[in-house]
Amino acid sequence: MRRTEKEQFLRETLGDEQPPAHQARAIIEEKLRSAILDGRLPAGIALRQQELATLFGVSRMPVREALRQLEAQSLLRVETHKGAVVAPLINEDATDAYALRILLESEALRQSIPLLTPDDINTARGYIEKLEVETDYTVMGTLNRLFHMTLYSKAHNTRLLKLVEDGLNEEERFLRFNLEHMNLGKVSQNDHLELLEMAAAGNVEATIEALAHHLNRGVEAINAYLTARKAEDAKPAPGLKKRALAH
């Protein structure tokens, strides 16, 4: 993408509103985060500090801080010669990613469940109820993340919560683009209801076991979907086989 094309693309994607200086970092971070999560900024695109600073009419400092925050959320990664680029969606490393999520989220549940209040349980139940009727897959990904984070919210280790949310952000991006084709909606709600009831009863170990089952079911479906998609992508285009046979 040439420079002028890139500048036009960023302007159309992010707008060119100049934020107040004291809010610049937060506003730029949120604009970029939203565009990454909903796919307007695709995986692999480079986000250069000076381009963004020029677009928003600010110095490079708030842009640099916004990019650092997004990197910490695993939405960006730094590559040699390219700088910050939008991180890829879940791919062949899904099994490893979910194994790590089970470890982190199990500990978050262990810390959080004894401290959950009736209001927390009602909030989590509200997300399930919304998921039952929601048809917008973008919203469903967000509601899924919010449900899980509510159950983990009382964990006292803030670094742990940060890592947990990073994993959920990665999953949210994937679900936004693929959930419609995976037929996981109803199954996920049954799992969510089970998790919620066990957490509400204060049964820590049973909730952790149910979480592992839920996430393992999810990664199995993701791997099956990715394998099927790869096989579909590998098929020759219509007419190609006929031409090959003609030789």
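**Salt bridges between helices**

Glu 51 counts as buried, with a relative accessibility of 15%; buried means under 20% relative accessible area, exposed over 50%, and partly exposed in between, using a 1.4 Å probe and protein chains only. The model is predicted, so local features need pLDDT of at least 70 and side-chain atom pairs count only at pLDDT 80 or more, while totals for chains, interfaces and linings use all residues. Residues are numbered from 1 along each chain as its sequence is written, and side-chain values use heavy atoms, with hydrogens and water left out.

What is the partner of Glu 51 in a salt bridge? The side chain of Lys 6 meets that of Glu 51 at 3.1 Å, N to O; a salt bridge here is a side-chain nitrogen of Lys or Arg within 4 Å of a carboxyl oxygen of Asp or Glu. Because Lys 6 lies in helix α1 (residues 3-14) and Glu 51 in helix α3 (residues 49-56), the pair ties together parts 45 residues apart in sequence. Helices are DSSP runs of H or I with at least four residues, numbered from the N terminus. Lys 6 is also buried, at 8% relative accessible area.

I turn next to Arg 125 and Glu 197, whose side chains form a salt bridge of 2.9 Å, N to O. Arg 125 belongs to helix α6 (residues 118-133) and Glu 197 to helix α9 (residues 185-200), so this pair ties together parts 72 residues apart in sequence. Arg 125 is partly exposed at 26%, and Glu 197 is partly exposed at 40%.

Finally, the structure holds 15 salt bridges, and a network of them links Arg 101, Glu 105 and Glu 171.

Key. Helices (H or I, at least four residues) and strands (E, at least two) are DSSP runs, numbered from the N terminus.
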